[in-house]
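Reader: Hi, I have a structure open and would like to go through it slowly. Could you help me read it?
Author: Gladly; here it is.

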Amino acid sequence: MADKQSSGEILGIPYNFERPSLGRLLSSYWQPDKGMLVEKPFGIGYTLNLANWRSWVVLAVAGGLYYQQQQSAGTGGSDEDAADDEGGPVEVIVDDD
């Protein structure tokens, strides 16, 4: 039976299914001579290069958005209750004089 390749590219997207070592994992996330995105040490696609300052900006923005979402989810209940009171059924009394 033919040996399957454990690393390569499909449609320009890299993949690597070789057993990862600790050295390869650490060196793949810190590559000062590369751009913001580098090949993943295990799996399909790309990951952030933590040696590039743009990656830290992306992480800070993602963290800020996550924090904002968590804060709005915690206080969103009171605003929704007020909207339900305004849009609920209204009782109308008609006087037959």
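Reader: What volume does the largest pocket have?
Author: The volume of the largest pocket is about 180 Å³. A pocket here is an open set of points on a 1 Å grid over the protein atoms alone, where a 1.4 Å probe fits and where protein lies on both sides within 12 Å along at least five of seven lines; lining residues have an atom within 4 Å of a point. Grid points are joined across faces, edges and corners, and the volume is the space filled by probe spheres set on the points.

Reader: And which residues are closest to its centre?
Author: Of the 14 residues that line the largest pocket, N16, V38, E39, K40 and P41 are the closest to its centre. Before we go on, please keep in mind that this is a predicted model, in which local features need pLDDT of at least 70 and side-chain atom pairs count only at pLDDT 80 or more, while totals for chains, interfaces and linings use all residues. Residues are numbered from 1 along each chain as its sequence is written, and side-chain values use heavy atoms, with hydrogens and water left out.

Reader: Which element gives the largest share of that lining?
Author: Strand 2 does, with three residues, and strand 1 (7–10), strand 2 (13–16), helix 1 (22–29) and strand 3 (37–39) each supply at least two. Helices (H or I, at least four residues) and strands (E, at least two) are DSSP runs, numbered from the N terminus.

Reader: How do strand 1 and strand 2 pair, parallel or antiparallel?
Author: They pair in the antiparallel sense, over four bridges, where pairing requires that DSSP finds at least two bridges between two strands. The two strands form a hairpin with two residues between them, and L11 in the turn has a positive phi of about 55 degrees. Within this pairing, S7 has N16 of strand 2 as its bridge partner.

Reader: Changing topic, where does Y46 lie, and what does it touch?
Author: Y46 lies in strand 5 (residues 46–48). Not counting residues up to four places away in sequence, Y46 touches G12, P14, L37, V38, E39 and K40, where contact means heavy atoms within 4.5 Å. The C-alpha atoms of Y46 and P14 are separated by 7.5 Å, although the two are 32 residues apart along the chain.

Reader: Is S55 buried or exposed?
Author: S55 is buried, with a relative accessible area of 0%, whereas Y46 is partly exposed at 44%. Buried means under 20% relative accessible area, exposed over 50%, and partly exposed in between, with a 1.4 Å probe and protein chains only. S55 lies in helix 2 (residues 53–87) and, leaving aside neighbours within four places in sequence, is in contact with M36, L48 and N49.

Reader: And how many helices and strands does the protein chain have?
Author: There are two helices and five strands, and along the sequence they follow the pattern β-β-α-β-β-β-α. Buried residues make up 15% of the 97 residues in the protein chain.
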